[in-house]
Amino acid sequence: AFIFHTSSSIMSEDPFGALSDDWFTSAGEADKWKGRFACCNEAWDIVEKLSDDVQIKGSKKCEKAINFFIQWLEVEAHVFTRMKLLQILSKVLAGMPTSVYEKKAPKLAEALMKQWVEKKVFDLVSPNLITLWKQSGDFSKWTSAISTTLESKNPVVKMAFWQFLSDAAEQDPARARDEWKKLLKGSEILENAMADTDNRNNDTKHHAYRFIATVAIFMGKDKDKRYTKKIGELCEDEKKKKVIETEKETMRATMKENAIALKKAKRDAAGGGGGDDAKENDAVPAAKAHAAASLPNTVVQHAAAGGAAGGTLVTVSNEQVDALRAQLSSLQAIVDALNTKFESFYEFMEDEKKSRQNRRLITGTGASIHDLFENFLLSTIGMPHYLQRFKAAGANDIRMVEHFDVPFLKETIGVQNKLEGKLLVKFIGKFNEETMQFREWLKQQNVMRAYVNTFESKGIITWGILSDYCENVEAVQDAFRIKNKAHAHFLFTQLERYRNGELSDAAEVDSDASDESDSDDDE
């Protein structure tokens with residue numbers, strides 16, 4: 001038999017205690033993204049080094065820092081500041097006393113749900129939301145966040161919301177069973193999910209079915225039959241009934257497995273399977289408890305005189321050792337995958353920072369039409385090997401893209417590979433559609449007609465390009481020297497609608513509003 005020593009103490013740290021008074025002064029004065037971004041970077045340098053199972057002390061500095069992070073996440077438009085905020089939360093939220101943020105949990109939930117519209121931070125949102133819900137979530141207090149999300153017309157946001165609820169139900173079914181009653185009461189959430197079973201977005205449809213399956217599982221034996229009756233009406237469609245039954249079967253099995261694992265982990269952490277001596281030990285971290293609980297016939301004894309001080313002795317068989325090694329190997333693979341993902345996020349962020357420093361409009365030097373073209377060829381199309389050929393032809397200008405045709409690509413640029421040629425034509429065609437859409441929108445708005453030439457000269461010829469370089473109203477004014485604040489606000493409002501997936505709405509702005517804004521005097 002083998003004997004393992006496991007530590008009975010949980011590491012506790014106060015990472016935010018390392019932040020200086022100057023940091024808190026700067027954080028309090030940070031009313032724009034640059035100041036917030038600098039504060040986030042400094043905080044991340046500290047929390048990045050923390051172990052995954054660390055317990056964080058709820059000091060005054062900790063509470064104050066978390067309040068800043070929640071406040072910034074609510075109002076921040078700069079995507080990389082938001083990314084850094086989500087990285088910090090993902091590192092500290094699970095190990096932090098709920099008393100630090102419990103009162104602001106509903107606001108944090110709403111701020112997190114708003115991040116689903118940004119694809120660069122999308123993968124960081126739901127894990128933070130699930131952690132928040134497990135630690136201090138109460139759906140009866142999240143009504144504002146939920147209603148705002150349900151009102152969204154963006155299918156990606158709806159998909160993320162249904163997926164979050166379904167994943168939360170699978171991970172902690174006992175808690176979800178109680179929470180679902182609060183979630184369904186006084187809201188039209190089930191009706192929204194049923195409507196999304198006809199959504200054109202397949203992912204949204206799939207996760208809406210998953211959520212409906214959780215309602216069927218949790219509310220099947222409840223006295224209130226309203227919800228099961230509605231699901232029954234939906235199941236009159238045989239095709240939908242089959243999908244729901246399949247999801248129910250799959251999710252019920254996952255829930256059962258997770259529920260058993262959670263019970264074992266809690267029992268082992270409380271010292272419940274090792275006799276009176278085991279009860280004298282301190283609580284073991286949940287991850288280790290789960291690993292121990294999953295091994296059958298484990299004998300836990302109090303540490304002998306020759307054992308590690310403050311630890312426990314675990315006697316296991318060879319088969320159990322092999323099972324433990326396999327489990328540790330599986331966990332290590334998950335950790336490595338997450339580390340790789342975070343590293344890619346960091347590298348992407350650093351590359352974007354350097355790239356934007358060279359190309360940012362708001363520096364006052366003006367955007368380079370050549371840099372915009374380079375970004376289009378390298379990042380959007382992914383063909384850096386043709387860059388020098390476009391430069392040699394004097395065609396590395398974003399404004400020239402709409403004039404590229406097949407003869408030009410073949411004869412001047414020398415594109416011989418047919419597949420690459422087709423791919424170039426495809427991306428150029430899509431870019432031209434976006435250019436035409438943006439140009440038509442500009443011409444339709446009385447407010448914007450005066451700025452058409454300014455946009456064209458700077459190479460701002462699509463909504464996507466405009467979105468990359470203007471994070472706030474001030475950036476819009478600085479970039480295009482718009483003296484009239486009403487005009488700048490009008491443009492930024494439409495830009496926000498584009499970012500939220502409402503481009504068609506942005507293109508159909510009421511002409512009366514345009515006329516009214518156009519009549520404002522320049523400041």
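A residue is called buried under 20% relative accessible area, exposed over 50%, and partly exposed in between, using a 1.4 Å probe and protein chains only. By that rule, 43% of the protein's 523 residues are buried.

This is a predicted model, in which local features need pLDDT of at least 70 and side-chain atom pairs count only at pLDDT 80 or more, while totals for chains, interfaces and linings use all residues. Residues are numbered from 1 along each chain as its sequence is written, and side-chain values use heavy atoms, leaving out hydrogens and water.

The protein has 26 helices and five strands; these are DSSP runs, numbered from the N terminus, with helices (H or I) of at least four residues and strands (E) of at least two.

Let me turn to the interior. A nonpolar core is a set of buried Ala, Val, Leu, Ile, Met, Phe, Trp, Tyr and Cys residues joined through side-chain atoms within 4.5 Å. The largest such core holds 91 residues, and F164 and W180 touch the most other members. Helix α11, residues 202-219, gives the most to this core, with 10 residues. A second, separate core has 43 residues, including F376, F408, I428 and M448.

What is F164 in contact with, leaving aside its neighbours within four places in sequence? Taking contact as heavy atoms within 4.5 Å, the partners of F164 are M113, W116, S126, L129, I130, W133, F139 and W142.
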